[in-house]
Amino acid sequence: RGQLKIAVAAMAAPCRPNARFHHVHGANVCLDASRTRATRVESFANGLCFSQEPLAPGQIFLVEIEEKEVGWCGHLRVGLTAHDPQSLEVVPEYSLPDLVNMGDTWVFAITRSHNRVTADGEEAPARVRGPPWEPFLLIGRVRIPRDTLVGRSRPGRYSHILDDLYKMNVLPATARRSRIGVLYAPQPDGTADMHIVINGEDMGPSARRLPTARPLYAVVDVFASTKSVRVIPVEYGFPSLQTLCRLVIQKHIVHRLAIDGLDLPLPLKSFCQHE
């Protein structure tokens, strides 16, 4: 109990995730107070969202599918754009084809399979999944902690991250709780390749020769059967104090739902309830 009090005190400052959605978004999108959860409140379109800041080279923008909506065909769409969301007079209704047709935008629909883009004259290489025990995903010189990237079902009531079943039960790409990210990897010729990562697996270059002279924002289109997504912060180095405190809080509760009863700000409760 003493450790729990210390952890709560250390996290008393407002929760400020290092990744969130831009305040400019599609007409049917509603963001929560922390701008880390985007929900399409009606129809199947006008669900376009952007990252708050341009991505740094190798920085992944990762989201988890939180809610699905039956009755629509199609799934989440992700990618990159060189258009500053603030400069858009009107947010396009669709990422495909509307935003892509504006130029300097690369967006792909997420399906259960994903095709790689090859250089001229190359054959598409077979996709190789690394052993599940490898702690990091390597994309060029970028090394990302794999465990954060993998979406898994949650057996029982908010089972803890150390559950063996939880760790093994990896989800399909378009399922609820699936985690999907996008990043760009600089190349020797000064351009970049866009990579889409689905549940810890690199799908390979989805687009090549992206210009890096302009800032690149992540694009997340909450489209059709995908109703709500949540941004997942990714820490590349040592865990932050906020993350370490969250682990202490999770260790001293019966299950994650008990966090609702703690005297904490709502954004902080949301941060503590997720891995």
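Q: What lies over the face of F223?
A: R77 lies there, at 3.8 Å from the ring centre. A charge counts as sitting over a ring if NZ of Lys or CZ of Arg is within 6 Å of the ring centre and within 35 degrees of the ring normal. This is a predicted model, in which local features need pLDDT of at least 70 and side-chain atom pairs count only at pLDDT 80 or more, while totals for chains, interfaces and linings use all residues. Residues are numbered from 1 along each chain as its sequence is written, and side-chain values use heavy atoms, with hydrogens and water left out.

Q: And which ring has the charged end of R143 over it?
A: That ring belongs to F136, and the charged end of R143 sits 3.9 Å from its centre.

Q: How many aromatic pairs are found in the whole structure?
A: The search finds five. Rings of Phe, Tyr and Trp (its six-membered ring) pair if their centres lie within 6.5 Å; planes under 30 degrees apart count as stacked, over 60 as edge-to-face and the rest as tilted.

Q: What kind of pair do F21 and F61 form?
A: Their pair is edge-to-face, with 5.9 Å centre to centre and 65° between the planes. F21 lies in the loop between α1 (2-10) and β1, whereas F61 lies in strand β4, so the pair ties together parts that are 40 residues apart in sequence. Helices (H or I, at least four residues) and strands (E, at least two) are DSSP runs, numbered from the N terminus.

Q: Is F21 buried or exposed?
A: F21 is buried, at a relative accessible area of 0%. F61 is buried too, at 5%. Buried means under 20% relative accessible area, exposed over 50%, and partly exposed in between (1.4 Å probe, protein chains only).

Q: Back to F223: how far apart are the ring centres of F44 and F223?
A: The centres are 6.2 Å apart and the planes stand at 75°, so this pair is edge-to-face. F44 is in the loop between β2 (37-40) and β3 (48-50) and F223 in the loop between β12 and β13, so the pair ties together parts 179 residues apart in sequence. F44 is partly exposed at 28%, while F223 is buried at 8%.

Q: New topic: in what order do the strands of the open sheet come?
A: Seven strands form it, in the order β1-β2-β13-β4-β9-β10-β11, with antiparallel pairing. Two strands pair if DSSP finds at least two bridges between them. β1 (29-31) and β11 (201-210) stand at the edges with a single partner strand each, so one side of each has no neighbour in the sheet.

Q: How many bridges join β4 to β9?
A: Four bridges join β4 (residues 61-68) to β9 (residues 179-186). V63 stands opposite I180 in β9.

Q: Which residues touch the most other members of the largest nonpolar core?
A: They are F21, F61, I196, V220 and V229, in a core of 33 residues. A nonpolar core is a set of buried Ala, Val, Leu, Ile, Met, Phe, Trp, Tyr and Cys residues joined through side-chain atoms within 4.5 Å. β10 gives the most to this core, with four residues. A second, separate core has 12 residues, including I60 and L149.
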